[in-house]
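Welcome, and thanks for taking a look. Let's walk through this structure with a few questions and answers.

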2 protein chains.
Amino acid sequence: MARPTLIAIGNYNDWDVEPMQAEYTLHPVASVEALAHLPEDVCADARALAFKGHAPFGGKQMDLLPNLGLIANYGVGFDAIDVAAADARGIKVTNTPDVLNDDVADLAVAMWIAQARRIPEASDWVRSGTWSEGRDFPLNRKASGRRVGILGLGRIGREIADRLAAFKTEVHYASRSEKDTPGWTYHPDYVSLARAVDDLFIAVVGGPDTAGCVTAEVLDALGPDGVLVNISRGSVVDEGALLDALERGRIRGAALDVFQDEPKIDPRFLRLDNALLQPHQGSGTGETRRAMGQLQRDNVAAFFADRPLLTPVN
Amino acid sequence: MARPTLIAIGNYNDWDVEPMQAEYTLHPVASVEALAHLPEDVCADARALAFKGHAPFGGKQMDLLPNLGLIANYGVGFDAIDVAAADARGIKVTNTPDVLNDDVADLAVAMWIAQARRIPEASDWVRSGTWSEGRDFPLNRKASGRRVGILGLGRIGREIADRLAAFKTEVHYASRSEKDTPGWTYHPDYVSLARAVDDLFIAVVGGPDTAGCVTAEVLDALGPDGVLVNISRGSVVDEGALLDALERGRIRGAALDVFQDEPKIDPRFLRLDNALLQPHQGSGTGETRRAMGQLQRDNVAAFFADRPLLTPVN
């Protein structure tokens with residue numbers, strides 16, 4: 001029996017390519033644009049697509065693959081994929097939730113402390129020899145005990161909050177609905193949340209529903225002692241308002257793993273000394289990336305075996 | 001009534017100098033060596049000394065101040081002060097415990113994740129423009145879920161363990177005696193502890209009793225996937241063995257806030273890419289340093305008022 005055809009968009013590790021090659025006739029494609037250059041018979045044979053990346057994938061791209069039945073996304077955020085367009089074509093979409101929660105929450109908490117305690121600058125202070133010359137590193141700010149807000153108490157937001165609670169913080173959150181929590185304070189809107197807390201963690205999903213929801217008004221409610229931590233999507237924040245607020249000290253600082261137009265981020269970020277910047281590495285450990293690839297392939301395998309998909313999003 | 005004389009050794013912030021000047025006839029002294037240059041009548045008048053720093057302060061220095069009754073140390077670690085020599089002269093010693101526990105534990109946990117997730121290198125990756133050029137940051141290692149060992153479950157060790165437990169770790173510890181814990185595993189010796197865990201946090205007090213207690217044998221028991229985190233004192237570790245282990249990959253990495261001969265640390269550390277280095281900033285926040293200064297002064301005030309000392313160590 002001929003092996004099924006699988007198109008894989010994006011840049012995969014060997015540990016993902018090899019098992020895909022073992023099961024399928026694999027057609028690796030570097031980018032969404034390169035899809036247009038695939039031979040017509042490959043496009044016709046392809047019933048499943050392994051998707052990795054952040055470039056938009058909409059109805060126009062789906063129509064290049066007339067028999068497509070599954071888009072298996074690598075990552076929990078599937079905002080690059082036009083799910084309505086997939087629905088309209090009877091295409092199922094899957095993602096890779098949960099397996100990355102720990103890594104993203106670990107990074108969020110570490111970024112929060114690293115921004116307050118200036119860990120990268122302190123590392124430079126040692127490595128440049130400044131400390132050896134006898135100059136003490138300047139004092140910075142305490143993390144434990146602050147009031148923290150979680151914007152979006154989904155799977156990842158919950159993991160962040162559970163960790164922050166161990167740092168003697170007072171936890172507040174905003175979410176579509178009030179949740180069962182160990183005494184955390186619910187806020188129905190983002191401005192009320194930002195006003196109630198010292199530091200604000202963004203953990204909502206990306207996509208059109210949350211685009212720009214962290215507005216200048218939210219940042220002003222956070223205020224001049226507040227720090228914004230974002231491990232979600234750059235699209236969630238009004239980035240111009242954030243840059244203004246950081247440049248003018250309207251908020252104290254930010255710790256950011258995600259940006260609009262990443263990786264080509266606004267060069268104004270690079271001039272800030274009150275922002276900790278990370279290269280969208282929330283899920284970027286070997287352990288978790290292997291688990292994400294496995295879950296992506298498990299969804300593809302379920303699809304070809306006519307078994308229920310493990311983590312469908314539509 | 002004449003105000004009491006107070007000698008203050010070390011480099012103090014204005015927020016400490018001003019209240020000391022308000023209460024006492026203050027004689028600031030930059031270093032232990034400079035004590036010898038104080039006028040004889042000042043030395044004779046001084047019944048109390050505010051001590052800050054890591055330079056040894058022994059019987060010879062104490063004998064410069066014939067009427068000394070109190071050495072109020074700024075910091076929880078008082079290993080610079082020869083307490084036996086103080087005892088022999090009827091001099092009381094105080095320190096500043098507890099007020100810095102949160103900061104030190106915050107930094108320990110953040111350093112642990114920052115080493116695993118390479119936060120300083122990732123920051124450089126963004127700021128140097130490497131990410132903008134389209135190069136993905138290399139994958140790194142997961143923190144949550146590891147087995148962690150705490151060497152010394154005192155006040156600070158306990159705060160570290162409480163935080164680590166929120167990262168789904170399995171907590172082990174070694175201490176002089178078994179403690180009441182939420183199911184953590186006690187080990188009677190350091191090698192057994194190091195063998196049982198992935199990563200090892202040093203939180204014992206400094207001083208002669210613990211000097212060099214993290215030996216080559218302990219590091220080998222930690223092994224090639226293990227990471228050492230030290231926020232205690234550089235003296236606790238056999239530093240030559242640690243450097244060898246890091247250079248040869250006998251342990252995976254280290255996250256170090258303290259060193260022998262700091263701030264003039266061994267230049268071999270600067271060539272390591274598997275060590276996160278910090279400039280002894282465990283308690284280095286404005287919030288905590290103010291609290292430490294206050295506790296130091298409260299001990300001095302109690303001494304002059306013949307009230308019980310707040311935090312005596314002898």
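Buried area is the accessible area (1.4 Å probe) that two parts lose on being put together, summed over both. This is a predicted model in which local features need pLDDT of at least 70 and side-chain atom pairs count only at pLDDT 80 or more, while totals for chains, interfaces and linings use all residues. Residues are numbered from 1 along each chain as its sequence is written, chains are lettered from A and ligands numbered from 1 in the order in which they are written, and side-chain values use heavy atoms, with hydrogens and water left out.

Q: What area is buried between domain 1 of chain A and domain 2 of chain A?
A: The domain assignment, which is automatic or from a database, gives domain 1 as 5-99 + 287-304 and domain 2 as 101-277 in chain A. Their centres, taken over C-alpha atoms, are 32 Å apart. Carbon and sulfur atoms give 38% of the buried area, which comes to about 650 Å².

Q: Which residue forms a salt bridge with R233(A)?
A: Side chains of opposite charge can pair when their charged atoms come close. A salt bridge is counted when a side-chain nitrogen of Lys or Arg lies within 4 Å of a carboxyl oxygen of Asp or Glu, and the count between domain 1 and domain 2 of chain A is two. For R233(A), the closest N and O atoms are 2.9 Å apart, and the partner is D79(A).

Q: How far apart in the chain are D63(A) and R89(A)?
A: These two residues form a salt bridge, with 2.7 Å between the closest N and O atoms. Helices (H or I, at least four residues) and strands (E, at least two) are DSSP runs, numbered from the N terminus. D63(A) sits in the loop between α3 (59-62) and β4 (70-73) of chain A, and R89(A) in the loop between α4 (83-88) and β5 (92-94) of chain A; the pair links distant parts of the chain, 26 residues apart.

Q: What area do chain B and chain A bury between them?
A: The contact takes 61 residues from chain B and 61 residues from chain A. Of the buried area, 56% is on carbon and sulfur atoms, and the total is about 5,000 Å².

Q: How many salt bridges does the rule find across the interface of chain B and chain A?
A: One salt bridge joins K142(B) to D102(A), with the closest N and O atoms 3.7 Å apart. The structure holds 44 salt bridges over all chains. Across the interface of chain B and chain A, the number is 10.

Q: Which residues of 109-282 of chain A does UniProt list, and under what feature name?
A: UniProt positions use the numbering given here, feature names are shortened, and annotations may be inferred rather than shown by experiment. The span is 30% helix and 16% strand, and its end C-alpha atoms lie 11 Å apart. In the unreviewed entry, residues 109-282 of chain A carry the name "domain: D-isomer specific 2-hydroxyacid dehydrogenase NAD-binding".

Note on methods:
Contact = heavy atoms within 4.5 Å.
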